[in-house]
Structures are given as structure tokens and as C-alpha cells.
Amino acid sequence: MQHDPLTPTKGERSTSPEGRRLDRVTAPLDVEKSALQADPDAAVSGLSAKAVEGRSLRQIAWMRLKRDKVALGGGIVILLLILIAVFAPLIVKLLGHPPNDFHQELLDPTLLTPKGSFGGISSQFLLGVEPVNGRDVFSRIVYGARISLLTAFLATLLSVSIGTVVGITAGFFGGWVDGLISRLMDILLAFPLLVFAISIGTVIQTANGSVFGLSGTSLSVATLIFIIGFFNWPYIGRIVRGQTLSLREKEFIDAARSLGATNRHIIFKQLLPNLAAPVLVYSTLIIPTNILFEAALSFLGVGVRRPTASWGSMLSDAVETYQIDPVFMIVPGVALLITVMAFNLLGDGLRDALDPRAGR
Amino acid sequence: MSRIQLVRAGSLAAVLALGAAACGGSSGSKPPNNPGVSAAYNAAIGGVVNQSTKTGGTINFVASSDFDSLDPARTYYAYSWDYQRIYQRTLMMFKPVPGKAGASVTGDLADGPGKLSDGGKTVSYTLRDGISFQDGKAITSADIKYALERSFAQDVINGGPGATYLSPILVGGATYKGPYKQPAGLSSIDVSDPKKITFHLTKPFADFDYLMALPISTPVPKAADTGKNGGANYQFHVVSSGPYMIPPGGYSPGKNLTLVRNPNWKKSSDPNRLALPDKINLTEGLDSTDEDQRVLAGSADMEIEGTGVQQDAQSKILTGATLKANADNPSTGFTRYISIQQTVAPLNNVHCRRAVQYAADKVALQFARGGPVAGGDIAGQMTPPTLPSYKKINPYPSGSDNKGDLVKAKEELKLCGKPTGFSTKIATTNKGKGPAVGEALQQGLARVGIKTQIIAVDPSTYYSGVIGLPSNVKKQGLGLAVAGWGPDFPTPYGFFESIVDGRAIKPEGGNSNYAELNDPAINGLIDQAQGETDATKRNDIWAQVDQKVMDSAVYLPFVADKALTYRSPRLTNVYINDSFGIYDFVNMGVSG
Amino acid sequence: MGRFIVRRLIGVVLLLIIVSAATFAVFFLGPKFVGADVARNFCGRVCNQQSLVEVKAKLGLDKPIYEQYGAYVKGVVAGRDFVTGTDTTHCSAPCLGYSFKTDQSVWFLMKDRLPITFSLAIGAALMWLVSGVAVGILSALRRGSFFDRAAMSVALAGVSLPVYFTGLVALSIFSYKLKWFVNVHYVGFTSNPALWAKNLLLPWICLAFLYAATYARLTRANMLETMGEDYIRTARAKGLPESVVIRRHGFRAALTPIVTIFGLDLGGLLGGAILTETVFGFPGVGKLAYDAIATQDLPVVLGVTVFAAFFIIMANLIVDVAYAYVDPRVRYG
């Protein structure tokens, strides 16, 4: 193929779309011309300048985010969800019933579905009751938020931590270290993740007693976090590596090096602050994926151990009855939808705020 | 119970007691001659719906999963045993009739029940004339001997009950390893006359006829069990002996099984089978809800597993008069119960076990099984109502509403020295209704402070390696185990022997006496019942066994199983066979 | 380019070895970890110590793990022999072994179910690629319009909806309430093409919806970015008609990342159709894997895992090669 004469000269270093897009995450304003002035290579000429740089970036991003009403909406929903998760016992005490209590008097004895229409929704049972056992759906949704957010946040934290450390190591040291780590990431990305996750989940489900001092629900949650977090780090790792590679060549790193800065100083004081933005954006975008992943595993019966409520296992229970009791399917589905959408909205907004070139 | 819900497992040793009484049938017994009944709710329980002798047409059956195996030596699913009767013949067979008579046996390849001599230690059968395999080759007694020997080869073709039944009762059976390793065969099966087969037993075994009605006596030609199509692969190349056979390419495991007429089957040789349809299609691997839709819409005729319809179909059937007239709600003969393990503290204390008996919420457990229609009736005892020894008792009444007697439960906890409750684990399967039952039990017990953790395991390991392995139960501390049991033969002995006889405990695995009940008084009663010839007195003894088992509180029965099943109005000769607890496929036809 | 491909192919083989070894490890060490014995799953209900030993020997589970793995690799590369009791069957390369549970050849089991998974994956992929890219381009070109905002809102909902929810909702509405699609089950393409397509339509749409949303968003973002590039301005300045600018320059550059992601998604989908197949009850490769995992039927799990990994890796390779063609900036030496 012919070399296109119109090929842009910018961003030649990176071949991945993410790399290209996130090349200059610190460029602040709409106006492209001014972006150059805020570019790290131009702005950061001395070691002390980074504090100013960091704050100004944060301020600018916040200013942009404040203007993005949709993203703010997402953020508010997330905040509410976190509050719900944290105060689940209190909320359930005020508005619901204990999440594992049966209320079979509310069910039709032959069909085992809720009496009354709309899945048994009433002033007592705000989102109706579960078929077969009559548990309070509202309480289970509230407690389900705990599992959902806890696993997603911690799994994201795990993959971001590993991904950042490994990505920086590969990008900064290059050479055989980079080669080795890149191959390792290739291998992990080639794994049929879901098949593996189900395999490990199955083994852990049947685990008896304690493994690593954990048992029961906490063991299954810890396993979920590990599976989701561990297999996802290469995604972050690749991005961080690409970023590090391009940052390494920038003048401010060279300047620091020529001033006699140690590797440690460069990594912690120069690279990390500049990586914060893309890592933050990708974390926000990985959280919803992780929420869906947890729900999928619980849906397949290898997630959180019963009777702990999880949105995924509620959907799985709803499969049995959704033709005659669709409400019990819709409620956890919508809870998932709202949560995932809120994170996606916020993530999009953050990306736009931190990187105007991502397009809007 | 059996490995999965569908398996009709039970007595693993002798079924001595009821033998003589149940051995009905004679040479030349006729096809179903019961008065036909018209379609109505539960009409196929005890009656023949759409009685007909019209031949031709195609039956379309559906199933959600594949048979455990088509190899007659390996299969252990009730519906698989029932289905094989369509195209395979056995030495004896369960009578193809509705009602109580269906729980007795009649001659199939044999011309009648076994003739006893040598004080019951020799049993011999004479084969009918005109019996042949699908290739036209005559079936000889050597083919049946070879088939029975195969079932000993657990290293190659494991899964079936043959070896466990036969090894203790056939002379030399205890050390026999099957024809692949010991081609000389078992000398205690005498086939010197090709028309006659004679068994030499280690002890009298009056229910030998029942044993010969199981698929293990399906003849297998040795020539077909060699090479790459033999041994473990025979299940994909089975040779048929009945009116139908599998055409080349007719079996695709997990997808479909086609049966066409076997041209070499002679009606004159088979008084039990009508062989009405020209073709029988079975579509496997369907989603359960999808199966129901097809059967209700008429694009399929029947679901063969007999576990009952899903909730959506259930609501349609019970609320629509036309559909309801084509449905039945038979008792399957299974008792659903929780095994309370004596080896796990504090359940080694009878009062703690009784606390569990009283605290359980039986309504919740019944709902978890599917409710009164799809699940069954709340049970207070182990004996299922289908057995002749059934006498209603309820030693641990769970309150007027059946939701548990918490006051009594707390009293028992005090006696046990655990007034505030204790912690233990609930083992259950992770498929079907297993998780729901575990949660229902957990919730009921939580009300008196008994805290539990649910361990959900795939059914394939659950019975063999988790609760069927006594050392594992103890090691993992599985105090409570969700279980179910139905007999291989419809007799009290067949029901109780494996689950309450202390001598039947298998410490190495494959144990069915999950609670490891070993009470000399109960063992003695079982022996006494085996020796009792009077049916009424025998049933009284079995009722005592039931009472004693409940006194020990090691089993918490909660539901006597029922299933809501649907039959297409176009099917003829439809009835529930009591020996399987599901529809009898052997003589079904289609009206149009 | 040739050398690049050869080098990558060697990498593919290495990757497959690592993936299969890891699967072996998980399946052998996992049960040991929690104190279970895999052989018991295949020992039948009447399992005693002796039959357990025999079953172990039959399945080869009595040998140390590295020997078993060695035998497996040998089977894949050069074939191996299996004893069936009456005969020794030679399983020629690439031999994936026989199912512990059903004794069927793993290759046969997969071959049997592949058409289902392929039908599902390829149909859905075409659907999401075409609709996602089209919506993305239109949205980008009419940025800020009602269409753009509506399409992006739907897309946002799309990426937030798992197939196990949309699948149930779709079945509930179109199958049970409206009865447009009754008895949704897989029908072979060769036996009835019309019914094949009709029954696959709901799963296609549900699966495609999820991905189309991602593609629309991605295409739009890329398009907007590309159209803002200097060289597009140059092209416009040269006086090229807008349609030519879009088609020749904008579209092509915007398509590059789409190709990457499409290859990866498709590769991953073939191995990970578990959820869709579970929801719609299609007995495909994903369902096969799921069932095999439940019973710890190692040869089947291994077969599907290696096969799925193979697809992901091949997709990667094809993407890299295609990339070189689509994006002239990339050169492989």
C-alpha cells in the first residue's frame, strides 16, 4: 500500500488507537492551539513545576466536568449507589425486610409466584417479592449493590495496581524487560477469560472450610475480585506501557535525567503524575465492565455464594419464572443498567474533560 | 437419591422380601387389556388414556439432556430404563400396564418367571422361540450371559448397577472382573443349552426376576462388542433386540435419537409389545421451557424425563381446562429429605438432630421443591405413600401451619446443650432445585439460632464424592445434606435397604446411607422382614422400621414427590407405569 | 511481512502451549487445592475404592500431571492410542482426546457444535459491524443533531446492557407475549435456512446490540478525531468534494481501530459465547464448555479452551496483518 502523503505527523510513535488518543491527555482546552502551551514538554521545564501543572490540570478538568451535565448526573447516581451500599442495613431497616427472610404467605401456593400484580409490589414490599420464597426484592437489590460495587471497585483497584506497576516497568526499562512483559500480557489477553473464570469459580464454589483464612461468602467475593482483577490488568498494563514509552522520550524526562535524577525519582515524580489522568479515565471505564462481569459469573452460578444477594444471581433465578413474573427479571436488570450506565457516563465525561481530542 | 433427580436408584443388594408375591405374569400374557379411559386430569394414573391398536405414524419425544448411556450395562436413569424398553428386550420386564400391576414383572425374552431349585439357589429361564437381534441372528442364552458379564467390567463401562447387584449373589461374582479381563466368563451362569439360562446363586434370592427386568439383562452379541465399536464405545453402536432399532447415524448424543422398525423382530415372539408407530424421534438437549412450549403447542408429543413441566407451562395447564385434561400429577415414589449427619458434631446428639427436625420450615422446603403440585405433598416420614407398607406417621409435627415448631426446637436445643443454637454446613446440588432447598432449610433453621453455610456442588460429584463418601462428610463437616430417594424396585426393601441398613454403609464411597445409620434394632427388623412370608405382617415390620428411623432423627423427610406431566392428546395407550413413576413408553402410539 | 508472519506463528504455538498448560494446572491443582478427586465424577454412583483406581487408570489420572500433559501434547502433535477395553483405538493428530464423561471424541463434540457457535457469532458480528459503523459515521457527520444525540443515548444504554438481560427481555416480549418467535431453538442451516435465520434473529440482535453500541461510539469518536486532522483540512483545501474527503481519507483512517477491535471481539466471541448460548439454550461450543466445566470433564474443557485461545490469537495475528494494509503508517520488518 502506498504511503499516504496526507498522513499526520503527530502521534507516529504509537500504533494503538488508545495510545494515539491518550498521547496528550494533559492538553487542556478546546482550542487546539493553546493545547501546545499546556503540553507537558512545553510547560514542565523544571522539577518544581509539576505541582503547578498537576493542580492546573485538575482545575481545568473539573471546570470541564462541571459543564458536562450528563457526566455529573452519572457521578451523582454513583454517589447515591455508594451511599446505598454503605448504608444498606439502615435503608433495609427503614424501608424493607431482612434480605434473607422468607414471606411465603405472599405467594400463590400452586404457581409460587407473587400474589397481586406487578410482582407483588406494595407499600410494604417496594419492589415486590421473589417467587418461590417471597424474599423482599427491594432489600436484596440494596444488598446486591454492596456486592456489585465492592467486587467491581476492588477488582479495578487490583488490575489498575498491577497494570500500572507492570506497564511502567515495561515502558520505562524497555529492552528485554519490555519484551518479556509484553509477551506475558499477550498470553493473558489470549486466555478465554470467561472459561477460566468459570473454572476457578466452580472449584471455589465447592471449596469447603477456609482457603487463605476465608470461607463462605467472603471467600467467594475474594475469588471474584481476584479473577476479575487479575485477568484484566493487561488492558491497563498495555495503556500504561504505551504512555510511558511516549513520555520517556519527552524533553522534561530528559531534563530531569540530565539534572541527575534517579530512576526512582523519574518514575514516582515525573511519570506517575502524568499517568494519573489516563489511568483514572480507564479505571472509571473498567468499573462498569467489572460490574457486568461479576453479574455474569453470578448469573452462571459461579459468583457470590448463596444466599448472599447479587443482581446476577437474581437474574439467574428469574429465568425460571420470567414468563409469568417478568417484574422479578426487570428489577435486577434495571438496577444493573442504571449502575453501569452511570459509570459509563462519568467515565466518558472524565475522558472528555481530561482529553479534549477524544472527540465529543 | 439417585445421582440426579431422574435416576431411580435404590436397593443395591437383594430384594428378597416381596419376590414371590410380585412375580406375576406367565407365558403368553397379553398386551394391556385394561379398560381404556378418556382424557381427564390424572386419568393416566391407573387407566389407559386413548386405548388403541392403530399402527403407523411417528412419535416425537423431547428431552432436555442425553441419556446417561445407551449401553444397557451402564444406564441408571429411570427414564432411560423405561425408554430402552421400546427397542431392547430383557430376560424379564416390568409389566406394561397401569396401576399396581405395573410394579410386577413378566417374562420378556424368557417365557416366564425363573424356576427355582436347590432350595432357591438355582434359577433357570427358558427363552422364547423366534427371538433375534436386528441383523436377524437368533438371540441365544450366551448373548444374555455375555451381557450380564459385561456389567462387571467397571473399569471399562462403569455407571450401571449390575456389578453391585450381581457380585454378591452369583457364585464367583465377588472376584469376577468382566469379560474383557476374564474372557472365560462366569461359570455360575450356565448356557450349555442355547435356549436355556441357569444361574447358580450363593444364597436364595427370591427377587431375582426383578433383577432380570433391569437393562443389564439386555442381550449383547459378543461380536458387536469388539474392536473400536465395542467396550466403552458400544453405547454408540448398540444392537437392538426389540421391535425398533437405531438406524445408521440415528444417534447423535445430546441432539437426537431416531428409532425405526426392526424388520427382524417377530410379533409372535413378543406378547408384551404392540409396536404401533413406524418411527420414534427423540430430540435431546432442549431447554426445559422450550420443551414445554413444544409439547403444549403440539409440535412434540411428550417430555420423557418425567420431572414435570416448568412454571410457565404449569400455570397454563392448571388454569386451562383443555390442557388440564391432558395432564397428570403422579407420585413418583421419591421421598425428599435432609440427611442429618451423626458424624458431625453437635449433630451426633439426638436432641440437636430433633431440634433441626422441629425447626425446619416444611412449607418453605415444599415451595423450594415446586409447591404442592409440581413438588409434592409435605411428608412426615420416610416411606413414600406408593409403597404397600405406608402407614401415616408424623413424629416431629412442624406446627399447625407446617412452618416449624420453634418452641419444641428450642427445648431440644436446650437438651442438646446448645440453647443458643450452633453452626454447621448444608450440602446441596448446584443445579435445578438444589440451591432453593438449601436456602429454604437455612432460613428455617436460622430462626432458632442454627447458623448454616451452603455448599453447592455439581450433581456429578455430589452423590459419589461429596455426601456419598463418609470420610469426606466428616472431614468437611457437612452436617446437613439435601437428598432424595426412590427404589429401583417398588418394594419397601428396595427403598430402605441402602439408606438405613447399617451393613450397607460403604466407607470407600458410593454410600447411600448418608447419615451412617447403624442401629442393631433396625438391622434386625430388616432381617426379620426378609424372612416373613405373610405380606401384612411384613408390611407391619416395615412400618416399624419407618418409625425407628424417624426416632433416630437422622433423616428429615419433607416432601413425597409428585410431578405435573403433560401428554399430547394425539398419543395412544398412555399410562403411568408404577415401577418407574413415569409414563410407560413401550406401547405408545399415535392417533393421527 | 513474510518473516513477520512466520515469527508470529511460532509465537502462536508457544502461546497455545502455555494456555493449555495453564488450563491443565487449574484443573488439576484446583480440585487438589480444595481436596476433591476428579476421578470420582466419572466413577458412577456405585463407586468403591477399587473401581476408583480402575477409573483413574482408564482416564490416565493415575499418572503424574506432567506425564499427562506430555501425553496430551503428544496426542495433539502426533496422535496417541486409547484403550477402550476391547480394542486400542488410535486417535490421529491433532488428537484432543476423549470426553471423560461420554467417551466421545472431543474433536467430534466440538465439530458438532461449531456450526451453532459460528452461526451465532458471524451473524451477530456482521450485524453489529454494519449497524455500529453506519450509526457512528452518521452521528459523527451530523454531530450535535437530534439523530446524533438519540443514537448515542441508545448506544450508551446498549453498552450497559448485558446479553443475559436483553436476551430474557427479548424472549419475554417477542417470544412469549407477541409470539413472533416461538420455540426459539437452533435449526441447522442445511436443514432449513429460513428457520435457521428466523431462530437466530433474536440472539443476533441481542448480541449485536451490545457490540454495535460500542462500535457506534468508537466509530463516531474516531471519525470526529480524524475529521479534525490537518490532512483532512488539507484535502478539503485542495477542493476535494466533501463526500470524497469522507470516503477516501476520513473513513479509512477512522476504520483502522475498528478493524483491530473487530478482530479481537470476533476471536473472543467464538470462545466466549457461553452467556448467549445459555440464555437462548443453544447447544454450541460455549454451552459445551460450561457443561464440561461443571462435571470437570477435563479433555473437553481443554479442547474448547485451546480452541478458543487459538481463535483469539489468530484474530490478533490477522488484525496485525490487516492493520498494515489499512494503516500505511504501520510497517513490519
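Two strands count as paired if DSSP finds at least two bridges between them, and strands themselves are DSSP runs of E, at least two residues long, while helices are runs of H or I of at least four, all numbered from the N terminus. The model here is predicted, so to speak from the outset: local features need pLDDT of at least 70, side-chain atom pairs count only at pLDDT 80 or more, and totals for chains, interfaces and linings use all residues. Residues are numbered from 1 along each chain as its sequence is written, chains are lettered from A and ligands numbered from 1 in the order written, and side-chain values use heavy atoms, with hydrogens and water left out.

In chain B, six strands make an open sheet with mixed pairing, in the order β17-β21-β16-β20-β18-β19. Its edges are β17 (376-378) and β19 (451-457) of chain B, each pairing on one side only. Further in, β16 (residues 331-340) and β20 (residues 480-485) of chain B run antiparallel and share six bridges. There, I340(B) sits opposite L480(B) of β20(B).

Now for the meeting of chains C and B. Contact (heavy atoms within 4.5 Å) involves 34 residues from chain C and 51 from chain B. Two salt bridges link chain C and chain B, each being a side-chain nitrogen of Lys or Arg within 4 Å of a carboxyl oxygen of Asp or Glu. D103(C) makes one with R74(B), with the closest N and O atoms 3.1 Å apart. On the side of chain C that touches chain B, α2 (49-59), α4 (106-141) and α11 (285-295) of chain C each supply at least two residues. The largest share, six residues, comes from α2(C).
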